[in-house]
Amino acid sequence: MQLIDTHSHLYAEEFDSDRAEALLRAREAGVELLLLPAIDSESHERMLALAEAEPQMCRPMMGLHPTSVNDNPRWREELALVERYFDNPPEGIRFCAVGEIGLDYYWSQDFVAEQREAFIEQCRLAARLDLPVAIHTRAAWDDMCDILEAETARAAERGERLRGVLHAFSEGAEVYRRLKASGDWLFGIGGVVTYKKSIVAEAVKEMALEDIVLETDCPYLTPVPHRGRRNESSYVAYVCEKIAQLKGVESADVARLTSANARRMFGLQ
């Protein structure tokens with residue numbers, strides 16, 4: 001199988017002791033590409049170093065994570081830095097998406113306005129650049145759907161397009177249907193689909209495979225049977241197997257279709 005992990009933080013400190021081994025395990029599991037979402041300037045150097053060291057396997061994104069807006073008086077400077085990276089990327093670097101961006105009200109309700117402003121600005125940047133977005137959403141789905149509906153329509157009116165992936169999608173079929181109706185959106189399915197009583201597992205039964213991409217979000221959201229331990233990109237194979245089980249198809253078919261979806265959305269060679 002040829003798998004793509006569309007959301008991997010393999011550059012994180014959690015992998016400092018065995019990053020090379022984790023990459024090897026991913027290759028052995030059939031993973032051919034890892035997409036690396038940015039968080040903020042504190043981790044840019046680590047992410048870019050991995051992308052430069054493994055250019056055939058690791059493709060970087062650039063964006064400002066919503067929780068990096070919270071209680072950060074410099075968040076607009078961070079946002080300006082994101083745009084400068086797209087204007088003048090490091091030599092040999094091609095960013096495949098604007099991400100990881102989004103809304104996260106789980107930790108605090110005190111920065112909703114700031115998060116919305118940062119998110120909308122980055123959506124409009126992506127539309128101008130004709131790049132997809134990788135979207136993080138937690139405890140903010142109503143606002144997310146409202147914004148994406150409005151911004152997709154705005155982009156179309158301007159002759160642009162807003163599209164991308166709803167990373168770590170863990171909602172039900174109703175949210176899936178609403179977002180699909182608003183534009184060209186794929187849904188990143190990760191380890192949560194393997195959990196007992198998973199809402200998204202029921203939604204996956206309704207989803208078309210053409211709407212799904214695979215991800216790990218490692219080192220977070222580890223799938224069964226390794227739940228409770230550090231996640232890694234090789235474990236995307238467990239996600240693939242679970243989706244195949246839910247859909248009643250072969251794992252190879254899930255791998256083939258979801259990888260094709262990722263290649264189309266992110267413009268991967």
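Two strands pair if DSSP finds at least two bridges between them, a handy rule for the first view of this predicted model.

**View 1. Three strands form an open sheet.** The strands run in the order S1-S2-S3, with parallel pairing. At the edges are strand S1 (3-5) and strand S3 (58-60), each of which pairs on one side only. Neighbouring strands of the sheet are turned by 20 degrees against each other on average, direction ignored. Strand S1 meets strand S2 (residues 31-36) in the parallel sense over three bridges, and here you can find Leu-3 opposite Val-31 in S2. Helix H2 (residues 41-53) packs on this sheet, where it touches S2 and S3; the direction of H2 makes about 140 degrees with that of S3.

**View 2. Tyr-106 and Trp-107 make an edge-to-face pair.** Seven aromatic pairs turn up in a search of the whole structure. In this one, the ring centres are 4.9 Å apart and the planes stand at 90 degrees, so the pair is edge-to-face. Tyr-106 is partly exposed, at 48% relative accessible area, while Trp-107 is exposed, at 60%. Look also for Arg-138: its charged end sits over the ring of Tyr-106, 3.5 Å from the ring centre.

**View 3. Trp-141 and Phe-169 link distant parts of the chain.** This aromatic pair is edge-to-face, with 5.5 Å from centre to centre and 90 degrees between the planes. Trp-141 belongs to helix H5 (residues 141-157), and Phe-169 to the loop between strand S6 (164-166) and helix H6 (173-182). Trp-141 counts as buried because its relative accessibility is 10%, under the 20% cut-off. Phe-169 is buried too, at 2%. Together with Tyr-176 and Phe-187, these two residues form one aromatic cluster.

Terms used:
Residues are numbered from 1 along each chain as its sequence is written. This is a predicted model: local features need pLDDT of at least 70, side-chain atom pairs count only at pLDDT 80 or more; totals for chains, interfaces and linings use all residues. Side-chain values use heavy atoms; hydrogens and water are left out. Helices (H or I, at least four residues) and strands (E, at least two) are DSSP runs, numbered from the N terminus. Axes are lines fitted to C-alpha atoms, for helices over the stretch in contact, and angles run from 0 to 180 degrees between N-to-C directions. Contact means heavy atoms within 4.5 Å. Rings of Phe, Tyr and Trp (its six-membered ring) pair if their centres lie within 6.5 Å; planes under 30 degrees apart count as stacked, over 60 as edge-to-face and the rest as tilted. Buried means under 20% relative accessible area, exposed over 50%, partly exposed in between (1.4 Å probe, protein chains only). A charge sits over a ring if NZ of Lys or CZ of Arg is within 6 Å of the ring centre and within 35 degrees of the ring normal.
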